[in-house]
Amino acid sequence: MAYNVLDLVDKALELAKKRKEIYIHIKNTNPKNRAMKVIANTLIKGIDKNINCYNNLKIQIKENEHELEEINLVVYDKILFLINQFKRRLVNPNITDVKGLLEFSLDLENQIYALFIDIQGRLVQKKEDTKTNAYKILSDIIVEKGEYIKGLEKFAKIN
């Protein structure tokens with residue numbers, strides 16, 4: 001079976017859904033803390049936008065699937081290992097205040113940002129690999145993730 005960037009977008013989608021589950025858990029474990037509930041709902045809405053973005057990206061990719069390059073099986077296996085290792089670390093934290101929630105969220109988003117950069121780097125075996133569709137799509141995801149983190153940092157400073 002040949003792997004391409006669509007498989008990586010599917011993995012990014014899985015990570016987004018797992019993050020959403022974590023924020024729902026945080027919200028549900030703090031039902032009396034209105035501020036926590038509002039912040040968790042805001043984070044969930046952000047992830048919902050992220051999920052919609054990935055789903056739209058998948059549609060665009062499928063429309064041009066004939067143009068996609070295959071990802072080397074050895075490289076894809078290493079990337080899959082990284083993603084699975086990261087997913088195992090995604091556990092429901094014990095957070096009881098807004099500051100802790102915002103710190104957790106920023107840390108998690110920065111870890112995912114770093115994961116995407118690592119994945120993108122592993123796709124590059126030779127200079128020409130930076131011109132592939134997979135590299136460009138991951139670049140777009142990384143830029144969007146960076147912008148999301150900047151917004152989250154601003155939001156955390158307000159609170």
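Residues are numbered from 1 along each chain as its sequence is written, and side-chain values use heavy atoms, with hydrogens and water left out. Because the model is predicted, local features require pLDDT of at least 70 and side-chain atom pairs count only at pLDDT 80 or more, whereas totals for chains, interfaces and linings use all residues.

Helices are DSSP runs of H or I with at least four residues, numbered from the N terminus. Helix H1 comprises residues 5–29. Its 25 residues reach 36 Å from the first C-alpha to the last, close to the 36 Å expected at 1.5 Å a residue; the expected span is 1.5 Å times one less than the number of residues. Helix H2 (34–63) has 30 residues, which should span 44 Å, and its end C-alpha atoms are 44 Å apart, in agreement with that value. Helix H5 (residues 133–158), with 26 residues, reaches 38 Å, close to the expected 38 Å.

Side-chain oxygens of asparagine are found at the starts of both H1 and H2. Asn-4 caps the N-terminal end of H1, with a side-chain oxygen 2.8 Å from the backbone nitrogen of Leu-6. At the start of H2, a side-chain oxygen of Asn-33 reaches to within 3.3 Å of the backbone nitrogen of Ala-35.

The axes of H1 and helix H4 (residues 98–123) come within 13 Å and cross at roughly 170 degrees, where axes are lines fitted to C-alpha atoms over the stretch in contact and angles run from 0 to 180 degrees between N-to-C directions. H1 and H4 are therefore roughly antiparallel to each other, a term applied to angles over 145 degrees. Residues of H1 that meet H4 include Leu-8, Ala-12, Leu-15 and Arg-19, and those on the H4 side include Phe-104, Leu-108, Glu-109 and Phe-116. By class, this contact of H1 with H4 has 14 nonpolar, one polar and two charged residues.

Val-5, in H1, counts as buried at 2% relative accessibility. Leaving aside neighbours within four places in sequence, Val-5 is in contact (heavy atoms within 4.5 Å) with Ile-61, Leu-68, Ile-71, Ala-134 and Ile-137. Lys-11, also in H1, is buried with a relative accessible area of 16%, and it touches Tyr-76, Leu-80 and Ile-83, not counting residues up to four places away in sequence. Ala-12 of H1 counts as buried at 3% relative accessibility and, with the sequence neighbours up to four places away not counted, touches Tyr-54 and Phe-116. The C-alpha atoms of Ala-12 and Ile-141 are separated by 9.4 Å, although the two lie 129 residues apart along the chain.

In H5, the buried residues include Ala-134, Ile-137, Ile-141, Lys-145 and Gly-146. What covers the buried residues of H5 includes H1, H2 and H4. In H4, Gln-120 is buried, with a relative accessible area of 9%. A polar atom of the Gln-120 side chain lies 3.1 Å from the backbone oxygen of Tyr-135. Beyond its neighbours within four places in sequence, Gln-120 is in contact with Tyr-135, Leu-138, Ser-139 and Ile-142.

How values were computed:
Helices (H or I, at least four residues) and strands (E, at least two) are DSSP runs, numbered from the N terminus. A polar contact is a pair of N or O atoms within 3.5 Å; within protein, one must be able to donate a hydrogen and the other to accept it, and residues adjacent in sequence count only if both atoms are side-chain atoms. Angles under 35 degrees count as roughly parallel, over 145 as roughly antiparallel, 65 to 115 as roughly perpendicular and the rest as oblique. Ala, Val, Leu, Ile, Met, Phe, Trp, Tyr, Cys and Pro count as nonpolar, Asp, Glu, Lys and Arg as charged, and the others, Gly among them, as polar. Buried means under 20% relative accessible area, exposed over 50%, partly exposed in between (1.4 Å probe, protein chains only).
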